[in-house]
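Work through each task before reading its solution.

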Amino acid sequence: MLAALSVLESVTRTELISSRHFPPPTKIFSTLARELGSATLWSDLANTLGGWALGLALAFAIAVPLGIVVGSSALLHRLLALPIEFLRPIPSVALVPLVVLVYGTGFQSKLFLVVFACLWPLLIQTIYGVQDTDPVAMDTARSFGLGRTERLVLVTLPGAVPYIATGLRISSSVALMLAVTAELVIGSAGLGRSINLAGEGGAVELMYALIVVIGVTGWALNSVFARIERRVLHWHVSVRRLEHAR
Amino acid sequence: MSLLEVHELSKVYGEGAAATPAISELTFAVEEREFVCVIGPSGCGKTTLLRCVAGLLAPTAGSVVLRGKRVARPPDEMALVFQEYNRSLFPWMTARQNVAFPLRRKRLGKQGAARAETALDEVGLGRFVDHYPWQLSGGMQQRVAIARALAYQPSVLLMDEPFASVDAQTRADLEDLILQLRQRFGVTVVFVTHDIDEAVYLGDRIVVLTRAPGRIRETVLVGLPEPRDQIETKALAEFTRLRTHVNRVIKQEAARQPASPDAQGS
Amino acid sequence: MRRVTAAAIELAMALALLAVWWIWSAGSDSFYFPPLPDILATFGDTWVFARAGSDVVPSLARLTAGFSIAVVIGIGGGILLGGSRTARGAVGPIVEFLRAIPPPALIPAGIVALGIGDVMKVFIIAMACIWPILLNAIDGVAGVETTLVETARSYGIRRRDRLRFVILPAALPQIFAGMRISLSVAIIVMVVSEMVASSNGIGFFILQSQRSFAIAEMWSGILLLGLLGYALNRGLTRIERRMLHWHRATRSSALART
């Protein structure tokens, strides 16, 4: 990492890469240090993360219950399979102009885009998870006379948790991407807009400093969700291992 | 000079405080056309020994010499059959492609495919040349692995517990197949197993290893009459005597010291 | 027979949804949601084939170029890094950081460094697509069954042949998983980059339509993107199925055994 940074430093210092296009890392970091003391950076970050968090939460609240319902009914799944297949690949960014028309250029637009984009990974993972219920566990539960609701809570949901965790990890990075896109294209307040403005205004060092901020943010979010996923997956996998050993 | 000589072979995994010796100063020789079984308590380093002999693993000390030449990497006179047939066959290749693949080294061109087919025929899979491994049963998959070794026309065939993961009936069939092929092609076999009956039934000679780190505890000559037969041979008093003897040696060996908790698997 | 019924149900549902949209929008005098027939008519006028050459072709060309570059670099890098633990350790943190940057955030930097031309767009698309492919390829290569490699080694297969016939096929399922993720990212980045800085392309067209209040045109563009996304995904899945038929079969036979 340090080696890569020092190579970058030397090629930019010697103008092998023009510093107007890519300033030396030390300059980027000193700009970053200065910015860390400014209120704009923090309010931008709060705006971006606000869109990310609220969007992800809304998508979760819609997709997971829906996924459970659809996943536990063969007929519903069959009915909705094709519409889902068609809606999912619509790049959510294609809806940018539409949401601008309907919601304007504010926070609501950003929120809508984030929710729309996060819905699909979560929905599909939940459906997979519910459908992947171990039939032996299900029969066992049934033989003990557990009712429909109990089976759902005690057998189906725990089995689906790892899938939902994976869906959350994917959706989290999609959410950040869409939040930044909305800020970039529509101009909702946040890091994306500031990066764009810095680029257009020729403040190259500031632009890269902000890209570093968004990168670190993304990295932190990734790590948290990957850790959650690994924790539930670990449990899941160890259960599966036992089954195989049997 | 013997065909294959193993000389004071040692292998230590790890270094310093974490060093675990797997085999220690093993010396034995295998003659041309001989069938040698290597057996020992679990975790005694049988697989380590075989991987060193095959040239897949560099020994810490000692040497493996094939026809007077020291083995430093897999020699083209040897073929290895693994226990895990489902992991040693390439799932994206058909049986024919699997068998023909190692022949690339021998640059046979079209002939390679023909030789692969013949080999598959020999193991009774003539009708399954275009099947993928996952379309075959476990026993058939292991037959493909054997055919692959055969088509390579090795002078030494190394087998690492090849029949440990198939059911009893298939196992008996495969044992007889190996004996037959060995008779036909005069190939020398080094056969690692943890099954005493199998070792006595197949071998001309049995090398019994000590518990880890493996050394040679005893070499048992098997004088059972040829050809061997699953029912007749196993009914002989001599068969019973030999297996009881080997069994006793291994039992004693396993009880010799309290097992160290970190004794590593073979 | 059951498959036919299933397909029939799926199709019926899709048609029903379309019908609902049709009826709901028919009486619509909302400016933003024009009647579906209008959108479809505009779709025909616009894309068959009036603007196909001027907007669809440039978009697809950028997408293909960026995605292909990412595939080549991703697989190559994956083979290099997957084989060496040290290399993975050294490069790991850099990769983790770069892939965490939401790709659209790089567009302003791309404009500063490379201008607003096609080079910038291809570069950004490739930048966005590399990571999922690279990381999956690394995992795939590092996770190749050791018995397979040792089998090849014990038969004296050369290094180059081992890479080509053993390691690459074994890692291919993972690589395809990465490519599927990358493809959807590629479409997003293509559209965003065209919205931010372009004078042609589907993304440009949609935004331009909205700004000039050509709402039916805008909808037709959204529809086109949906169809394109669907078709591209289907295409990739089809290639994957063909190349990985052994993989699906291995997995299902393994499942059947337990």
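Patches are made of residues with over 30% relative accessible area and no salt bridge, and like charges are joined within 9 Å. The model is a predicted one.

**Exercise 1.** Identify which residues gather in a patch of positive charge on the surface, and state which helix gives the most to it.

*Solution.* The patch of positive charge on the surface brings together Arg234(C), Arg238(C), Arg241(C), Arg242(C) and Arg248(C). Helix 10 (residues 215-243) of chain C gives the most, with 4 residues, while Arg248(C) lies in helix 11 (residues 245-257) of chain C. Arg248(C) has a relative accessible area of 48% and is therefore partly exposed.

**Exercise 2.** Determine whether Glu198(B) and Arg171(B), which meet in a salt bridge, are buried or exposed.

*Solution.* The side chains of Glu198(B) and Arg171(B) meet in a salt bridge at 3.0 Å, N to O. This pair links distant parts of the chain, since Glu198(B) is in helix 7 (residues 196-202) of chain B and Arg171(B) is in helix 6 (residues 168-185) of chain B, 27 residues apart. Buried means under 20% relative accessible area; Glu198(B), at 2%, is therefore buried, and Arg171(B), at 14%, counts as buried too.

**Exercise 3.** Explain why Arg99(C) and Glu96(C) are separated by about one helical turn.

*Solution.* The side chains of Arg99(C) and Glu96(C) meet in a salt bridge (3.2 Å, N to O). Because the two are 3 residues apart in helix 4 (residues 85-100) of chain C, about one helical turn separates them.

Note on methods: Residues numbered from 1 in each chain as written. Chains lettered and ligands numbered in written order. Predicted model: local features only at pLDDT ≥ 70, side-chain atom pairs only at ≥ 80, totals over all residues. Heavy atoms only, no water. Patch = residues over 30% accessible without salt bridge, like charges linked within 9 Å, V, L, I, M, F, W, Y side chains within 5 Å. Areas by Shrake-Rupley, 256 points an atom, 1.4 Å probe, with all protein chains shown as cover. Salt bridge = Lys/Arg side-chain N within 4 Å of Asp/Glu carboxyl O. Lys, Arg positive; Asp, Glu negative; His and termini not counted. Charge placed at Lys NZ, Arg CZ, Asp CG, Glu CD. Buried < 20%, exposed > 50% of the residue type's maximum accessible area, 1.4 Å probe, protein only.
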